[in-house]
Amino acid sequence: MLVDTHCHIESDNYNDKDDVIKRAFNNNVKILIINGYDKKSNKEAIETANKYENIYATIGYHPSEADKIAIDDLKLLEEQLMMNKVIGIGEIGLDYYWTNENKDIQKELFIKQILLANKYNKNIIVHSRDAIEDTYEILKKYKKESVKGILHNYSSSLEMAEKFIKLGMLFGIGGVVTFKNNKIIEVIKKISMEYIVLETDSPYLTPDPYRGKKNEPFYLNLIANKLAETKAKDVNEVCEITSRNAVTLFDLNYKI
Ligand code: NI
């Protein structure tokens, strides 16, 4: 079995959403965690999670939303957090790749959502692009110890990874590991399996040999295969450990 800890299965991305879900469930992927990132996708993630037993939602406002989010939007997020099947806050974080002109606004939004995670004991799913130092400093300062989470599409150094492990963070590994000449594979080799979960980030970051096409959760099998090769482990063991890590992190009711 596999758990896709990070995907964006919504009608704006797929006009055959239910088929995409079915294909995943028929191909070894047993649990999907749909990550919202704005008001619309949060709402749809909750609706989809309510429709399928083994789909869960995390909700939050992505850093690209930072300039648009008002107090009322955070109140709405807080109300939605109480809903059944909402298991975490994310994707939230910092993204200085697209713009670093609103760093302070991004940081403020990130911190407010971490404080909500603290208040409601929800784990977090964190996006960090070209902002790893600030991400670390904010998590270290504001996240309470019992709140854990995933650094989605981890792409930084081993040294930083060790610091994040001390904060209770796991690493989301996705399609990038299958790309030619990717730099993260050497880091992953040295990270213990107990800190790794798998993700597709569908519809983005499609693994090789389908890079360029639209990603889907059932391609998670290709990522598991690559991780098994990288770690010189049996693929079934990789599936079992990464699934157990995800189920334990979110305290999901699923026997592995
Ligand atoms: Ni994402």
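Trainee: How should I read the way helix H4 passes helix H5: is the crossing left-handed or right-handed?

Mentor: H4 passes H5 in a right-handed crossing, where right-handed means that the near helix is turned clockwise from the far one by less than a right angle, and left-handed that it is turned anticlockwise. The contact is made by Lys 107, Phe 110, Ile 111, Ile 114, Leu 115 and Asn 118 of H4, together with Asp 134, Thr 135, Ile 138, Leu 139 and Tyr 142 of H5, contact being heavy atoms within 4.5 Å. The axes of H4 and H5 (residues 132-142) come within 10 Å and cross at roughly 35°; such axes are lines fitted to C-alpha atoms, for helices over the stretch in contact, with angles running from 0 to 180 degrees between N-to-C directions.

Trainee: What kind of model is this, and how are its residues numbered?

Mentor: This is a predicted model, in which local features need pLDDT of at least 70 and side-chain atom pairs count only at pLDDT 80 or more, while totals for chains, interfaces and linings use all residues. Residues are numbered from 1 along each chain as its sequence is written, and side-chain values use heavy atoms, with hydrogens and water left out. The helices (H or I, at least four residues) and strands (E, at least two) are DSSP runs numbered from the N terminus.

Trainee: At what angle do H3 and H4 pack, and which residues meet?

Mentor: Helix H3 (residues 71-81) packs against H4 (residues 103-120) at about 30°, with the two axes 11 Å apart. That makes H3 roughly parallel to H4, given that angles under 35 degrees count as roughly parallel, over 145 as roughly antiparallel, 65 to 115 as roughly perpendicular and the rest as oblique. H3 passes H4 in a right-handed crossing, and Leu 74, Leu 77, Glu 78 and Leu 81 in H3 meet residues of H4 including Leu 109, Leu 116 and Tyr 120.

Trainee: How does H2 lie relative to H3?

Mentor: Helix H2 (residues 39-51) and H3 pack at an angle of about 10°, with their axes 12 Å apart, and H2 is therefore roughly parallel to H3. Here Lys 39, Asn 42, Lys 43 and Ile 46 in H2 meet Asp 73, Leu 76, Leu 77 and Gln 80 in H3.

Trainee: Which protein atoms are donors of the nickel ion?

Mentor: Donors are N, O and S atoms within 2.8 Å of the metal (3.2 Å for Na, K and Ca), and sites may look incomplete because water is not among the atoms. For the nickel ion, the protein donors are His 6 (NE2), His 8 (NE2), Glu 91 (OE) and Asp 201 (OD), lying 2.1 to 2.4 Å from the ion. In sequence these donor residues follow the spacing H-x1-H-x82-E-x109-D. Glu 91 lies in strand E4 (residues 86-95) and Asp 201 in the loop between strand E8 (196-198) and helix H8 (220-231), so the pair ties together parts that are 110 residues apart in sequence.

Trainee: Why does the arrangement count as irregular?

Mentor: The four donor atoms subtend angles of 80 to 167° around the nickel ion, and the arrangement is therefore irregular. Four donors count as tetrahedral if all angles lie between 85 and 135 degrees; four count as square planar and six as octahedral if opposite donors are over 155 degrees apart and all others between 65 and 115, and anything else is irregular.

Trainee: Are Glu 91 and Asp 201 buried or exposed?

Mentor: Buried means under 20% relative accessible area, exposed over 50%, and partly exposed in between (1.4 Å probe, protein chains only). Glu 91 is buried at 3%, and Asp 201 is buried at 8%.

Trainee: Where are the cis peptide bonds?

Mentor: The bond from Gly 90 to Glu 91 is cis, with omega near 20°, and Glu 91 is also a donor of the nickel ion. A cis bond also joins Ser 202 and Pro 203, with omega about 10°; Pro 203 sits in the loop between E8 and H8.

Trainee: What phi values do Asn 28 and Lys 85 have?

Mentor: Asn 28, although not a glycine, has a positive phi of about 80°; this residue is in the loop between helix H1 (17-25) and strand E2 (29-35) and is partly exposed, with a relative accessible area of 29%. Lys 85, also not a glycine, has a positive phi of about 75°, lies in the loop between H3 and E4, and is buried at 17%.

Trainee: What does Ile 33 touch?

Mentor: Ile 33, in strand E2, counts as buried at 0% relative accessibility. Leaving aside residues up to four places away in sequence, Ile 33 touches residues among them His 6, Tyr 56, Ile 87 and Phe 250.
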